[in-house]
Amino acid sequence: MKTAVLGSGSWGTALAQVLCDNGQDVIIWGINPDEVNDINRNHHNAKYFECEITPKLKASNDLSCIRDADILLLAVPTKAMESVLESAVKELDHPVTVINVAKGFHPVSHKRLSVVIQETMPAEYLQAVVSLIGPSHAEEVILRMLTALNSVSDNEEAARKIQHLFSNDYFRVYRNTDVIGAEIGVAVKNIMAIASGILEGIGQGDNARAALMTRGLAEMARFGVAQGGRAETYLGLDGVGDLIVTCTSWHSRNFMSGYAIGQSGDAADFLAHNTKTVEGVLACKVVYEEARKQHISMPITDQIYAVLYEGKSASAAITELMNRDLKSEETY
C-alpha cells in the first residue's frame with residue numbers, strides 16, 4: 001500500500017518517517033517549497049527538527065503525487081482540512097482510507113473531525129476514516145522515542161489495518177472503537193493544556209497542576225459522555241494519557257501558549273502576536289458554546305474562555321475557580 005501524507009509539518013514528517021521505518025511506500029505532500037526541498041535534498045525538516053530524517057522519505061509540492069495512494073494521512077490544521085480534502089479528491093479515481101491525526105473541532109459547525117471528513121469526501125472515494133491519536137509529540141517520534149497511540153474507528157477492520165501499518169518496536173498502536181469519546185478527549189485536553197501553561201507562567205507548582213489535570217479530566221469525561229462517548233475512554237490513551245503529555249511538556253504548543261499568557265497576566269498580547277496554530281484556543285470556544293447549550297458544567301473551560309475571549313486576567317480566573325462553592329468530588 002502507498003500512503004500520502006498531506007502536510008509537511010512536524011507531525012506529518014514524523015509519522016511519515018515511522019512508515020518509512022516500517023518499509024512502507026510513503027510520500028509527503030506540502031505547500032511550502034522550502035520544507036519539501038529540505039526533506040528531499042538535505043534529509044532534514046529544519047523548520048521543526050534539528051535531527052536528520054531518513055533519506056528514504058520523499059516529498060512533493062505537486063498534489064498529483066497522491067494519485068496512486070491507498071491511504072491519505074491528513075496532517076493539516078483543522079481549519080484547512082476541508083479545503084485540502086476538496087483539492088485531494090480531484091486527484092483521485094479510487095476509494096481511499098483517510099487517517100486523521102489532528103485534534104480539534106470544525107471552527108464553524110463544531111463537528112468532530114471524522115464527521116467533517118465523512119461529509120467532505122464523496123462516498124465513492126472514501127473507504128474508511130481512522131483517527132490516529134493519543135499522547136505524542138512529533139519531537140520525540142522523529143527521534144524514534146517510545147510512543148503509544150490509538151487507531152480509532154467504528155470500522156474495526158480499518159482500525160486494525162492502520163494499527164499494523166504503523167506499529168514497530170518504538171511506536172505501538174492500540175485500537176479503540178469509541179470514536180466520539182476519543183476525538184472529544186484529545187480535543188478538550190488542549191484547553192486544559194492552556195490552563196496548565198498559565199499555572200506555570202504565573203509561578204504555581206505541582207499541587208496546582210495535579211488539581212488542574214484531575215478536575216480537567218472530570219470535565220473532559222463529563223463533556224464527552226454527554227455527547228455519547230464512553231466514560232472508560234477517558235482513563236485511556238485518548239483521555240488521561242493525552243492530558244498528561246500535553247499539560248506537562250514544553251513541546252506542547254497549547255502549554256506554551258498558556259505559559260505566555262500566564263507570564264503576561266492576560267491573553268491580549270499573546271493573541272495579538274501569535275502566528276501559530278493553537279488548537280486549544282478554537283476548541284475552548286467550541287466546547288464553551290456547546291456546554292452552555294447543553295447545560296454541562298465546565299468551570300475550567302469557562303474560565304479559560306473568559307481569559308481568551310473576554311479579557312479576564314489569569315489571576316482573576318484562578319481566584320474564581322478556587323472560590324467556587326464547595327462540593328463533593330465527582331469523577332465526571
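1. Let's start with Thr301. Leaving aside neighbours within four places in sequence, Thr301 is in contact (heavy atoms within 4.5 Å) with Ile191, Met192, Glu219, Cys284, Val287 and Tyr288. Thr301 is found in helix α13; helices here are DSSP runs of H or I with at least four residues, strands are runs of E with at least two, and both are numbered from the N terminus. Thr301 has a relative accessible area of 0%, so it is buried. Buried means under 20% relative accessible area, exposed means over 50%, and partly exposed lies in between, with a 1.4 Å probe and protein chains only.

2. A word on the ground rules. This is a predicted model, in which local features need pLDDT of at least 70 and side-chain atom pairs count only at pLDDT 80 or more, while totals for chains, interfaces and linings use all residues. Residues are numbered from 1 along each chain as its sequence is written, and side-chain values use heavy atoms, with hydrogens and water left out.

3. Now for the rest of that helix. α13 covers residues 299-309 and is mostly covered, with nine of its 11 residues buried. Those buried residues are Pro299, Ile300, Thr301, Gln303, Ile304, Tyr305, Ala306, Val307 and Leu308. Their cover includes α7 (179-201), α8 (206-227), α10 (253-264), α11 (268-273), α12 (279-294) and α14 (314-322). After α13 comes Gly311, with a positive phi near 75 degrees.

4. On to the cores. A nonpolar core is a set of buried Ala, Val, Leu, Ile, Met, Phe, Trp, Tyr and Cys residues joined through side-chain atoms within 4.5 Å. The largest one has 40 residues, and Val188, Phe223, Ile304 and Leu308 have the most contacts inside it. Two or more residues of this core come from each of α7, α8, α9 (237-248), α12, α13 and α14. The largest share, 10 residues, comes from α7. Val188 is in contact with Met220, Phe223 and Val287, again leaving aside neighbours within four places in sequence. A second, separate core has 36 residues, including Ala16, Ile71, Leu132 and Val141.

5. Helix α1 is worth a look too. Its 12 residues, 10-21, should span 16 Å at 1.5 Å a residue, and the end C-alpha atoms are 17 Å apart, which agrees; the expected span is 1.5 Å times one less than the number of residues. In α1, 11 of the 12 residues are buried, among them Ser10, Trp11, Ala16 and Cys20. Just after α1, Gly23 takes a positive phi of about 75 degrees.

6. Which residues lie closest to the centre of the largest pocket? On a 1 Å grid over the protein atoms alone, a pocket is an open set of points with protein on both sides within 12 Å along at least five of seven lines, a cavity is a set where a 1.4 Å probe fits but cannot get out, and lining residues have an atom within 4 Å of a point. Points are joined across faces, edges and corners, and a volume is the space filled by probe spheres set on them. The largest pocket has a volume of about 1400 Å³. Of its 44 lining residues, the closest to the centre are Ser10, Trp11, Tyr48, Arg253 and Thr277. Elements giving two or more residues to this lining are α1, α5 (138-141), α7, α9 and α10, and the largest share, four residues, is from α10. By class, the lining has 16 nonpolar, 18 polar and 10 charged residues. Here Ala, Val, Leu, Ile, Met, Phe, Trp, Tyr, Cys and Pro count as nonpolar, Asp, Glu, Lys and Arg as charged, and the others, Gly among them, as polar.

7. The second largest pocket holds about 760 Å³ of space. Of the 27 residues lining this pocket, Ala211, Arg215, Leu321, Met322 and Arg324 are the closest to its centre. α8 gives the most to the lining, with six residues. The lining has 16 nonpolar, four polar and seven charged residues.

8. Finally, the cavity. A search of the whole structure finds one cavity of 30 Å³ or more, and the largest cavity contains about 40 Å³ of space. Its lining consists of Asn100, Ala102, Lys103, Gly104, Leu113, Ile133, Glu183 and Val186. These divide into four nonpolar, two polar and two charged residues.
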